[in-house]
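The sequence and the structure are shown below.

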Amino acid sequence: MSEAPKKLVQVLMAHGALAESELKPLVDQIYGRDFSLEEIGDLTSQVAATIQPYSLDIKSTVYDDGNVYYGLINTSNDEITKLSNTFKPWEIVLFRKAIEYIAETDDGELDHHDFLNMREANSTNDVKALLARLYAEKWLAPSMLTDTQATLGPRVFLELAVFLRDMGITQCGVCSSDALQSVRCTTPSCPTRVHESCLAKYERNGRKFKCAPCKKVLR
């Protein structure tokens with residue numbers, strides 16, 4: 001592997017998850033030219049192909065806020081098991097509780113006080129420090145619905161995708177990335193969800209999105 005792809009892998013490893021707008025200037029600097037967003041997608045796919053034999057991959061996902069995020073993924077172990085490399089056992093237990101709580105709520109969010117109350121023997125300060133770290137490393141993010149609530153961050157959708165699918169998180173009906181805080185079909189039995197940004201793009205030319213299961217116009 002040449003020097004530029006190595007630097008790209010190192011950048012992704014250092015940041016955990018990067019939005020396209022964050023990754024583009026770094027890629028431009030590494031490769032010494034101006035990349036389009038489409039070219040960045042092609043470039044990361046090419047680099048990913050060279051590192052896959054080493055149990056690494058570069059994945060992208062459309063996040064609930066409409067941004068595309070990229071991340072370097074270790075494919076060698078079970079997703080939750082990989083967290084043990086950087087988190088203490090009690091932190092993994094608490095983080096998993098938070099993920100499950102958020103995934104099961106209608107609005108996909110968790111109050112900070114509820115997160116603190118999930119602790120067992122750990123001090124409030126320890127749990128507050130963990131919460132701050134989860135935000136800083138993009139495992140959690142501010143809810144798009146309520147300022148004082150947390151939702152799953154882009155890094156969860158990149159690195160814990162299989163775990164989320166096992167929990168019933170559905171995929172966007174347009175882009176097929178996981179969708180949590182998104183537009184939902186009003187039919188109670190219909191599982192369809194679509195990112196607000198994906199739906200807006202779909203509707204630009206006057207089209208109406210219909211749910212595949214119930215054939216109802218989403219809005």
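A salt bridge is here a side-chain nitrogen of Lys or Arg within 4 Å of a carboxyl oxygen of Asp or Glu. The model is a predicted one, in which local features need pLDDT of at least 70 and side-chain atom pairs count only at pLDDT 80 or more, while totals for chains, interfaces and linings use all residues. Residues are numbered from 1 along each chain as its sequence is written, and side-chain values use heavy atoms, with hydrogens and water left out.

**Domains and their interface**

The domain assignment, which is automatic or taken from a database, divides the protein into domain 1 (3-74), domain 2 (79-166) and domain 3 (170-218). The centres of domain 1 and domain 2, taken over C-alpha atoms, are 24 Å apart. In contact (heavy atoms within 4.5 Å) are 16 residues of domain 1 and 12 residues of domain 2.

The size of an interface is often given as the accessible area lost when the parts come together. Buried area is accordingly the accessible area (1.4 Å probe) that two parts lose on being put together, summed over both. Between domain 1 and domain 2 this area is about 1100 Å², and carbon and sulfur atoms give 64% of it. On the side of domain 1, Ala17, Tyr63 and Ile73 lose the most area to domain 2, together 40% of what that side buries.

The rule finds 4 residue pairs in polar contact across this interface, both residues being at pLDDT 80 or more. A polar contact is a pair of N or O atoms within 3.5 Å; within protein, one must be able to donate a hydrogen and the other to accept it, and residues adjacent in sequence count only if both atoms are side-chain atoms. Strands β2 (56-62) and β3 (68-74) each supply at least two residues of the side of domain 1 that touches domain 2. Helices (H or I, at least four residues) and strands (E, at least two) are DSSP runs, numbered from the N terminus. The largest share of that side of domain 1, 6 residues, comes from β3.

**Salt bridges**

Side chains of opposite charge can pair when their charged atoms come close. The structure holds 9 salt bridges, and the rule finds 1 across the interface of domain 1 and domain 2.

| Pair | Distance, N to O |
|---|---|
| Lys138 and Glu22 | 3.1 Å |
| Asp28 and Lys24 | 2.8 Å |
| Arg155 and Glu159 | 2.7 Å |

Lys138 lies in the loop between α7 (124-136) and β5 (140-142) and Glu22 in helix α2 (residues 20-31), so this pair ties together parts that are 116 residues apart in sequence. Glu22 is partly exposed, with a relative accessible area of 34%; buried means under 20%, exposed over 50% and partly exposed in between (1.4 Å probe, protein chains only).

Asp28 and Lys24 are 4 residues apart in helix α2, which means a separation of about one helical turn. Asp28 is buried at 17% relative accessibility, whereas Lys24 is partly exposed at 21%. A network of salt bridges links Lys24, Asp28 and Asp34. Arg155 and Glu159 are likewise 4 residues apart, in helix α8 (residues 154-159), and both are buried.

**The surroundings of Lys82**

Lys82 is found in helix α4 (residues 79-82) and is buried, with a relative accessible area of 13%. A polar atom of the Lys82 side chain lies 2.3 Å from the backbone oxygen of Asn74. Not counting residues up to four places away in sequence, Lys82 touches Ile73, Asn74, Thr75, Asn77 and Glu159.
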